[in-house]
Amino acid sequence: MITQKVFDKLSNGSEITEFILDNGVIEAHILNYGCIIQSLFVADKEGVKRDVVLGYDKAIGYETNGGYLGAFIGRVGNRIKDSKFNLNGNTYKLFANDGKNSLHGGECGFDRKLYDAEIVGENLVLTAVSADGEEGYPGNLHIKVTYSLKGGAISMEYECTCDKDTPVSLTNHSYFNLSLEDTVLNHKLVINSDYITPVDKNLIPTGELMIVEDTPFDFRKGERVGEYIDFPHKQLKFGGGYDHNYVLKNYGLYEKVATLYSADTAIKMDVLTDNLGMQFYSGNFLNNEIGKGGRIHYKRAALCLETQGFPNAVNQPSFPSTILKAGETFRRKTTYSFSVQK
């Protein structure tokens with residue numbers, strides 16, 4: 001069942017609609033502003049429905065605070081070095097919003113768009129157009145995001161077409177905390193990946209791969225998030241914790257790539273995707289903002305598992321391409337599936 005109501009108004013007076021998807025097992029509150037997952041209620045071991053994502057009660061929180069809480073990210077997620085790239089003999093200059101680099105689409109990325117919404121059966125379909133030249137990117141990009149629930153899972157399906165070749169790497173930036181605690185340091189995390197793409201001091205991938213074995217980045221068998229987060233490793237120092245892209249083993253195949261678990265609630269979340277990589281971000285830059293119901297977003301209060309193309313792939317020939325060819329269709333699917341594991 002999908003219902004809707006007015007959420008709030010933006011500072012320019014535009015009205016935001018909140019769509020509530022509820023199948024009796026999981027309940028998702030989606031905004032047509034930024035395709036934001038504002039709330040996500042799942043049952044714990046006692047059967048109590050708990051909101052497992054960070055967010056805000058009012059539009060001003062999303063407009064004025066950083067962090068991209070719950071938002072749809074594009075045209076290119078993560079960082080592009082020096083806010084520029086070359087494509088088909090042309091140099092494209094982007095807006096620099098992360099030092100000299102471009103982050104998560106620039107000044108007004110997909111997280112700050114109002115989307116047209118349509119309820120199609122049990123699915124919520126949100127659409128928009130990113131115009132040629134918007135944030136410096138080439139081509140008129142037609143965007144479709146579909147949210148659906150099945151059992152204890154929420155799925156996001158992305159579909160895009162463009163009339164010019166353009167880089168596209170979309171993701172969702174939800175911050176998860178499955179526990180009753182103020183941080184995610186005691187969550188257990190499993191990531192099915194042998195490599196990360198290491199970064200420089202500006203968090204731009206170097207173009208190399210780093211094996212995770214015998215490093216603080218090895219989550220293949222499951223580790224407590226906080227076990228090695230402050231370990232004196234160069235890569236952890238660059239990000240103030242984890243803020244790294246993991247290379248997924250069988251990208252292109254829709255399969256489970258990660259599991260997050262909290263023992264105090266017994267809530268387990270599996271991440272399934274057909275994407276190329278996944279950014280594990282441990283909430284290092286959360287800075288005590290006030291969120292829903294007065295909840296304080298402490299440093300490491302939640303974490304993100306953002307399925308994506310490799311960061312800065314448009315400037316790294318060794319990385320899998322993120323270029324969408326004119327007339328072709330970009331499709332990706334990501335699912336967050338919840339259950340109780342006592």
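A polar contact is a pair of N or O atoms within 3.5 Å, where, within protein, one must be able to donate a hydrogen and the other to accept it. In this predicted model, such a pair is formed at histidine 187, where a polar atom of the side chain lies 2.9 Å from the backbone nitrogen of leucine 178. The points below place this residue in its surroundings and then turn to a sheet and to the nonpolar cores.

**Histidine 187**
- Histidine 187 belongs to the loop between β16 (171-172) and β17 (188-191), and its relative accessible area of 1% falls under 20%, so the residue is buried.
- Not counting residues up to four places away in sequence, histidine 187 touches Asn177, Leu178, Ser179, Glu223, Arg224, Val225, Leu260, Tyr261 and Ser262.

**Nonpolar cores**
- The largest nonpolar core has 60 residues, and those with the most contacts inside it are Leu40, Tyr147, Ile154, Phe280 and Phe338.
- Phenylalanine 280, leaving aside its neighbours within four places in sequence, is in contact with residues including Leu189, Ile191, Phe219, Val225, Tyr242, Tyr246, Leu303 and Leu305.
- Another core, of 21 residues, lies apart from the largest one, and among its members are Tyr33, Ile36, Tyr68 and Leu69.

Note on methods:
Residues numbered from 1 in each chain as written. Predicted model: local features only at pLDDT ≥ 70, side-chain atom pairs only at ≥ 80, totals over all residues. Heavy atoms only, no water. Core = buried A, V, L, I, M, F, W, Y, C linked by side-chain atoms within 4.5 Å. Buried < 20%, exposed > 50% of the residue type's maximum accessible area, 1.4 Å probe, protein only. Contact = heavy atoms within 4.5 Å. Helix = DSSP H or I, 4+ residues; strand = E, 2+ residues; numbered from the N terminus.
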